[in-house]
Amino acid sequence: EKDGYDWFMLKEIAEQPHAIADTLLGRLSDHGAIVLDEVRISDQEVRDIDKVFVVSCGTSYHAGLIAKYAIEHWTRIPVEVELASEFRYRDPVLDRSTLVVVISQSGETMDTLMAMRHAKEQRARVLAICNTNGSTIPRESDAVLYTRAGPEVAVASTKGFLSQVVACYLVGLFLAQVRGIKYADEVAAIVDELRALPAAVEKVLSEMEPVRELARSLADSPTILFLGRHVGYPVALEGALKLKELAYIHAEGFAAGELKHGPIALIGEGTPVVVVAPSPRGRESVHGKVVSNIQEVRARGARTIVIAEEGDDDVLPYADHVIRVPRTPTLLAPVVTTIPMQVLACEIADTRGLDVDQPRNLAKSVTVE
Ligand code: F6R
């Protein structure tokens, strides 16, 4: 039951610290190693991997996009991310040394299942990241890493998504560990940061009241745009998807650097633009570029809503609203920056009087192609 929450979605958003902690449980050793005994792929097979595909749909596809940044950075293996419904119709190059990671909360999504069968026919190794024990996708895959989010009842995925993202980090770190790690110090530090994620998520959740208030003021917007760069880009896509599916408001997510190549023409007086600001620290910081992007859209009349790290004051001159998230290493930031997106969409839909848990035209698991 809903435990006093108005919607299952709100309950599931609140359960995210647990979902993440449970997904990490027993998989990080005291010595900073990744322990994935259940992933039955031999060390030799892991060393032979020369390419990774991540294949999934919808929100799970966004988890895959985040996985690409992490896996490529930690392992130096090339990673391609593809929508399951496109993957098998274009004759992808697959062989024994390809690892195909399929991500599915339900484990029953037909597009993902068919893509996986295609990959297996081509002799690729298939690792499933799945939240549903014994469902079809993990049953047919070579190996499985279960997310432990617990059952998701709301149609829109929330705790399922964040636990997928965390599972993707585990896969990336595991591959790096077996193959030898280029950034050994960084990886050791990341393991500690993973352990800190449930508390960081708890903190974000405790500060969502201003976001709810803001959401109520956005409920009549005809369109809302979302911008991000690097791992903030998939978060922007996820924010837009959540808003479309729950609030039936037109929304689009863009890579902030693409604005000037066309989408900036959409911005008029008062257009709400939600921007995911990256951490001002970090090796390849794109922070300054995003600050310029915020400035550009503001100059064209946008109402800017900026999700920024605590202490990042560079965004203040150009932000109409700032939503704070705790300091987090760049690659892990989506775990905290996604939460305001979920809350915005949920609250906007609720303000519009819609059924948050059962949006029109959608089903929890999509078992047709
Ligand atoms: C969006 C949403 C869908 C699913 C997609 C894949 O909130 O829930 O986009 O993410 O249908 O579902 P799974 O992960 O079950 O394969």
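This tour moves through the structure in a series of selections and states what is found at each one.

The model is predicted, so local features require pLDDT of at least 70 and side-chain atom pairs count only at pLDDT 80 or more, while totals for chains, interfaces and linings use all residues. Residues are numbered from 1 along each chain as its sequence is written, and side-chain values use heavy atoms, with hydrogens and water left out.

Select residues 125–130, strand E4. Helices (H or I, at least four residues) and strands (E, at least two) are DSSP runs, numbered from the N terminus. Five of the six residues of E4 are buried, so the strand is largely enclosed by the rest of the structure; buried means under 20% relative accessible area, exposed over 50%, and partly exposed in between (1.4 Å probe, protein chains only).

Two strands pair if DSSP finds at least two bridges between them. Within this pair, Ser104 stands opposite Cys130. From E3 the chain passes through helix H6 (residues 110–121) to E4 in a right-handed β-α-β crossover. Right-handed means that, with the strands pointing away from the viewer, the path from the first strand over the helix to the second runs clockwise.

Next, select residues 143–146, strand E5, which runs parallel to E4 and is joined to it by four bridges. Here Leu127 stands opposite Ala143.

Select Ser135, in the loop between E4 and helix H7 (136–140). Ser135 is buried, with a relative accessible area of 3%. A polar atom of its side chain lies 2.7 Å from the backbone oxygen of Thr132; a polar contact is a pair of N or O atoms within 3.5 Å, and within protein one must be able to donate a hydrogen and the other to accept it, while residues adjacent in sequence count only if both atoms are side-chain atoms. Not counting residues up to four places away in sequence, Ser135 touches Ser106, Gly107, Glu108 and Cys130, where contact means heavy atoms within 4.5 Å.

**The ligand**

Which residues come nearest to the ligand? Of the 14 residues around it, they are Ser60, Ser104, Gln105, Thr109 and Glu245; a residue is near a molecule if one of its heavy atoms lies within 4 Å of it. A side-chain N or O atom of Ser60 is 2.6 Å from an oxygen atom of the ligand. For Thr109, a polar side-chain atom lies 2.5 Å from a ligand oxygen. Ser157 instead uses a backbone N or O atom, 3.0 Å from an oxygen atom of the ligand.

**The nonpolar cores**

Select Trp74, Tyr169, Leu194, Phe226, Leu243, Val335 and Ile348, the residues with the most contacts inside the largest nonpolar core, which has 97 residues. Such a core is a set of buried Ala, Val, Leu, Ile, Met, Phe, Trp, Tyr and Cys residues joined through side-chain atoms within 4.5 Å. Helix H8 (residues 159–179) gives the largest share of this core, 14 residues. A second, separate core of 19 residues includes Phe254, Val291, Val297 and Val315.

**Two residues with positive phi**

Most residues other than glycine have a negative phi. Select Arg76, in the loop between helix H4 (58–75) and strand E2 (79–83); its phi is positive, about 65°. Finally, select Asn361, in the segment after helix H13 (334–351). Asn361 has a positive phi of about 70° and, at 75% relative accessibility, counts as exposed.
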